[in-house]
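Open the model in your viewer and keep the selection tool handy. We will go from one stop to the next, with a note on what to look for at each.

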Amino acid sequence: MKEVRYIRSITDALREEMARDESVFVIGEDVGQPGGSFSATRGLLDEFGPKRVKDTPISESAIVGLAIGAATQGLRPVAEIMFMDFLTVCMDQVVNQLAKARYMFGGQHKLPVVIRTPCGGGLNAGPQHSQCLEAWFAHVPGLKVVMPATPYDVKGLLKSAIRDDNPVLFVENKALYGLKGEIPEGEYLVPIGQADVKRPGRDVTIVATSRMVHHSLEAAQILTKEGIEAEVIDLRTITPLDKETIFQSVEKTCRLLIAHEAVKAFGIGAEISAMVAEEMIDCLDAPILRVGAPFTPVPFNLERFYLPQAEDVIKAAKKVLEY
Amino acid sequence: MLNKDQLLGMFYLMVKIRRVEERIMDIFAQGKIPGFIHVSIGQEAVPVGVCSVLRKDDYISNTHRGHGQALAKGVDLKRFMAEIYGRVDGFCKGKAGSMHIACKEMGVIGSNGVVGGGIPISLGTAFASMYRGNDRTTVCFFGDGATNEGTFHESLNLAALWNLPMVFCCENNRWAEFTPQKVHTKLENLSVRAEAYGIPGVTVDGDEVLKVREAAEKAVARARKGEGPTLLECKTHRWFGHFAGDAQKYRAPEEIEEVRKFDPILKFQNLLFEMQVLKPEGVEEIEAKIKSEIDEALAFAEKSPVPGVEGLLEDVYA
């Protein structure tokens, strides 16, 4: 095992997959010569050359469109959209083109496109550089949405995403880029569509994503001192959703709360809550609660009032246990 | 100089497109086709002229008004009709219909229903050629309206910058849905937009198939040599409405009548008569052959089954 930062795990994954498969190429703004605005693609241009590491103008639709066309011809693009917020700039290419090209052309094309993009606040980057928009894309049939929380998962999932023949929106978290963690020295993959029980427990199920996984684990540490054993599930993949792992857990604990950094209203928590209520109502001992951000844009300078923290997860867990 | 077979081949294709489109309008009016139809009647010289210089392994991307281009690229008429009808033997198993005809084998990537949506995608097929070091070229077809979409500008800029092996072909029929060109842009010739991206822009009379071919030949040769893209504007005329059933209340009746004077098929026919490559009896033969081809294709389409519910869930993911 070796200790790496989340960001470097990403670079590792890219390097390994590019060495393994000549059809993999990287494209985006500042990805080549500058090594990526967050340094995700550092060293790749030197190692693989300008044919496979492409710096583009500020042209999100062209970036994603090119990736789509190239993928129809068997190439495997890994496109970077610098901030998740900027997916809005190329929504047609992602939603109307990439997600639908296989289906509407009768299966003639495979679209092995990965779009890597960082979400999340915590850097005071302001409302247009801090959003978590995974719910929008989880709502689009034809896309897969992956949201790794640890250096181990980000590498394994990125490798899987690149090898997947489907469009994968790979949502990193900029506040996690510096997070250190242990990863194996050798080759490993993490499967898409499989959640991970990061901490087993019997009293309440906490389904969390991305940075909220860490806040939930912190919350669980604190709750344990009060005799409450929380089971923390890291979703890892939003779509396809690992319903089985969630169901198995809820069957054990009978209490569920979902924690995501995205705005609470209409977030993925709403979908998971509805799904569990639909299929496991007899099992539940309490209403399903959700922890998410308030219904405001991500504020500059007021993030301490905005970003969900461990204490929000603790409050919600205790509330669920009141019933 | 083109030989007799090549000239007659182009003429055949133009008439075929015209007759196919007329028949589609007819069947649509009878309620036999689901969805919406956007015919390219009056514009036949553009796809035929351009595709006459393309190989089977070249790529095209195109739009909702895409029947002419798909046929000019050489897709099988039977499977094309089956797709129009929304039947399982269509290219897309009946899940595309008129607006999204795709035939991977013939390099028809898939026509797009979003104006400007296919332009960035065509960058990708061109990029793939460059990546693999072959000389397969991409022609991206779109209309005058699309040149105002941001994707047009992003795409021309990037294609120019990377010398992508492609041709941007603007089929300017002077109407963007219900809006005429002079109300959607200040420009007279859209090809001048090429200058903004540092590539050549050419405007040709899109109703003269040989002029279209000549310009396309230059542009495609440029692309194959690795010299980069060209913006080729072919000015033509739209005879009918935006979609089949469009009463065109926004268009002066005199103008609707006037555009028929530019009939590219009549123009080419007269030229071929002059060159003594074609005689009126020859035209009759061609028309008869086309009619039987279309009849056969329609019979094939009408016999093909409608997709069942299993078609609904298929191909969401690979």
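Begin by selecting helix 8 of chain A in this predicted model. Its buried residues are Arg211(A), Met212(A), Val213(A), His214(A), His215(A), Ser216(A), Ala219(A), Ala220(A) and Leu223(A). Now show what surrounds them: these buried residues pack against strand 7 (168-173), strand 9 (196-199), strand 10 (204-208), strand 11 (230-234), strand 13 (256-263) and helix 12 (310-322) of chain A. While you are here, check the length of the helix: its 14 residues (211-224) should span 20 Å at 1.5 Å a residue, and the end C-alpha atoms are 20 Å apart, so the two agree.

Next, stay in chain A and select helix 3 (residues 60-72) and helix 4 (residues 91-98), whose axes come within 8 Å and cross at roughly 25°. Helix 3 of chain A is therefore roughly parallel to helix 4 of chain A. On the helix 3 side, the contact uses Ser61(A), Val64(A), Gly65(A) and Ile68(A); on the helix 4 side, Asp92(A), Gln93(A), Val94(A), Gln97(A) and Leu98(A). Colour them by type and you will find four nonpolar, four polar and one charged.

Now move to chain B, where five strands form an open sheet with parallel pairing in the order 1-2-3-7-6. Strand 1 (59-61) and strand 6 (201-205) of chain B are the edges, each pairing on one side only. Neighbouring strands of this sheet are turned by 20° against each other on average, direction ignored.

Zoom in on strand 3 (residues 166-172) and strand 7 (residues 230-235) of chain B, a parallel pair with six bridges. Here Phe168(B) stands opposite Leu231(B) of strand 7.

Finally, select helix 8 (residues 209-224) of chain B, which lies across strand 3, strand 6 and strand 7 of chain B and runs at about 170° to strand 7.

Notes: Residues are numbered from 1 along each chain as its sequence is written. Chains are lettered from A and ligands numbered from 1 in the order in which they are written. This is a predicted model: local features need pLDDT of at least 70, side-chain atom pairs count only at pLDDT 80 or more; totals for chains, interfaces and linings use all residues. Two strands pair if DSSP finds at least two bridges between them. Helices (H or I, at least four residues) and strands (E, at least two) are DSSP runs, numbered from the N terminus. Axes are lines fitted to C-alpha atoms, for helices over the stretch in contact, and angles run from 0 to 180 degrees between N-to-C directions. Two residues are in contact if their C-beta atoms, placed from the backbone, lie within 7 Å. The expected span of a helix is 1.5 Å times one less than its number of residues. A residue is buried if 20 or more other C-beta atoms lie within 10 Å of its own, exposed if 12 or fewer, and partly exposed in between; C-beta atoms are placed from the backbone. Angles under 35 degrees count as roughly parallel, over 145 as roughly antiparallel, 65 to 115 as roughly perpendicular and the rest as oblique. Ala, Val, Leu, Ile, Met, Phe, Trp, Tyr, Cys and Pro count as nonpolar, Asp, Glu, Lys and Arg as charged, and the others, Gly among them, as polar.
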